[in-house]
Amino acid sequence: MSESLRRLTLPLDREALKELRAGDACLLTGPMYTLRDAGHIRLLAELEEQGKLPYDLAGQTIFYAGPTPPCAGRPFGAIGPTTASRMDFAAPALYRAGIVATLGKGRRSREVKQACVETGSVYFASVGGAAALLAKCIDTSEVISYDELGTEALRKITVVDFPVFVGVDCYGDDVYDL
């Protein structure tokens, strides 16, 4: 586990992800996408239908979050990580299709860890219970698709110094096992 803070610019490439180790503290800056349970079902259906990721998602990071409405001049009043294991049904297929990283809270399944190793992807973990504070790291937000899903819509957000830890690295090491 690294003692230094890593500043990472999104989108990330899999070559850069090889330098990360489970437990590394990172600050993310750049574009990423939010998506939750119902949105994952829709995205998997589109992936199956089209044979590739839609919406320019290849090479991107998906943040498992359901943001609240705008507040205090910011895109969201609060935005915190959702329990990542709820998206374990979709993560391996999305990694194989080109998603390079996911972000949530809590442990991931053995299948997700194996997919990280197979594809060179990572899972970032964030702290739950700090959604109002994390909202201060969001610069912009735009609904890309599934607007009818409300908080589970696919959104492109821009983050600035968004704090995370490497939860599962591309070698399959898990911060929860350290």
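These legends walk through a few side-chain close-ups in a predicted model. Local features need pLDDT of at least 70 and side-chain atom pairs count only at pLDDT 80 or more, while totals for chains, interfaces and linings use all residues. Residues are numbered from 1 along each chain as its sequence is written, and side-chain values use heavy atoms, with hydrogens and water left out.

View 1. Tyr146 is buried at 3% relative accessible area, whereas Tyr55 is partly exposed at 27% (buried is under 20%, exposed over 50%, partly exposed in between; 1.4 Å probe, protein chains only).

**View 2. Phe63 and Phe162 make another edge-to-face pair.** Here it's 5.3 Å centre to centre and 70° between the planes. Both Phe63 and Phe162 are buried.

**View 3. Arg108 lies over the face of Tyr123.** Arg108 is 4.8 Å from the ring centre (the rule: NZ of Lys or CZ of Arg within 6 Å of the ring centre and within 35 degrees of the ring normal).

**View 4. Glu148 forms a salt bridge with Arg42.** Their closest N and O atoms are 2.7 Å apart (a salt bridge needs a side-chain nitrogen of Lys or Arg within 4 Å of a carboxyl oxygen of Asp or Glu). Glu148 is exposed at 57%, and Arg42 is partly exposed at 34%.

Key: Rings of Phe, Tyr and Trp (its six-membered ring) pair if their centres lie within 6.5 Å; planes under 30 degrees apart count as stacked, over 60 as edge-to-face and the rest as tilted.
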